Amino acid sequence: MEESRMKKHVTIVGALQIGFSSLWLIAAIVLYFVFNFARGQVGDDETALNVLGFLAIALPLFLGVISILGLVAGIAVLSYKGWGRIITIIVSALGCFNIPIGTLVGVYTIWVLMQDDTVKLFNNQ
């Protein structure tokens, strides 16, 4: 493939990474509030309070970390940073578990970033 065509693909990958990471960051914030609201609704059930308390921290934290990592990686890919390419591949591989959209975006992202022409683009910048 020619260099300008791969640049377009890299731009699409960066935009997708930033867009989906932003959505997942919003989802993490919403989850935090939902679980804390649910915690207030269970009454005195100690087990439910403990489980919801754990989920209110663990899930939003996990999603938030992955989302922030994805945002940083997306920005780095748009700047043709070599480390951003690697982080984006890792985040995209994790995103493949989000069936079906995450799988499609992840496979496309990995395909674009593993092409020889793309690697050359990142090495030349």
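Predicted model: local features only at pLDDT ≥ 70, side-chain atom pairs only at ≥ 80, totals over all residues.

Reader: Let's begin at the surface. What makes Leu23 exposed or buried?

Author: The word exposed is kept for a relative accessible area over 50%. Leu23 has 53%, so Leu23 is exposed. Leu23 is found in helix 1.

Reader: Which residues form the nonpolar patch on the surface?

Author: Phe20, Leu23, Trp24, Ile26, Val30, Val34, Ile101 and Leu104 form it, with about 750 Å² of accessible area together. Two or more residues each come from helix 1 (3-41) and helix 4 (101-114). Helix 1 gives the largest share, six residues.

Reader: Now to Ser92. How do you know whether Ser92 is buried or exposed?

Author: Buried means under 20% relative accessible area. Ser92 has 5%, and therefore counts as buried. Ser92 lies in helix 3, residues 82-95.

Reader: What is Ser92 in contact with, leaving aside its neighbours within four places in sequence?

Author: Those contacts are Gln17, Gly106, Thr109 and Ile110. The side chain of Ser92 also reaches the backbone oxygen of Thr88 at 2.8 Å.

Reader: On to the rings. How many aromatic pairs does a search of the whole structure find?

Author: The search finds three aromatic pairs. One of them joins Tyr32 and Phe33, with ring centres 5.4 Å apart and planes at 75°.

Reader: Why is the pair of Tyr32 and Phe33 called edge-to-face?

Author: Ring centres must lie within 6.5 Å to pair, and planes over 60 degrees apart count as edge-to-face. The values for Tyr32 and Phe33 are 5.4 Å and 75°, so the pair is edge-to-face. As for accessibility, Tyr32 is partly exposed at 36%, while Phe33 counts as exposed at 55%.

Reader: And why is the pair of Tyr80 and Phe122 called tilted?

Author: Planes under 30 degrees apart would be stacked and those over 60 edge-to-face, with the rest called tilted. Tyr80 and Phe122 have their planes at 55° and their centres 5.4 Å apart, so this pair is tilted.

Reader: What parts does the pair of Tyr80 and Phe122 tie together?

Author: Tyr80 lies in the loop between helix 2 (46-78) and helix 3, and Phe122 in helix 5 (residues 116-124), so the pair ties together parts that are 42 residues apart in sequence. Both Tyr80 and Phe122 are buried.

Conventions:
Residues numbered from 1 in each chain as written. Heavy atoms only, no water. Patch = residues over 30% accessible without salt bridge, like charges linked within 9 Å, V, L, I, M, F, W, Y side chains within 5 Å. Areas by Shrake-Rupley, 256 points an atom, 1.4 Å probe, with all protein chains shown as cover. Salt bridge = Lys/Arg side-chain N within 4 Å of Asp/Glu carboxyl O. Helix = DSSP H or I, 4+ residues; strand = E, 2+ residues; numbered from the N terminus. Buried < 20%, exposed > 50% of the residue type's maximum accessible area, 1.4 Å probe, protein only. Polar contact = N/O pair within 3.5 Å; in protein donor to acceptor, adjacent residues only side chain to side chain. Contact = heavy atoms within 4.5 Å. Phe/Tyr/Trp six-rings, centres within 6.5 Å; stacked < 30°, edge-to-face > 60°.
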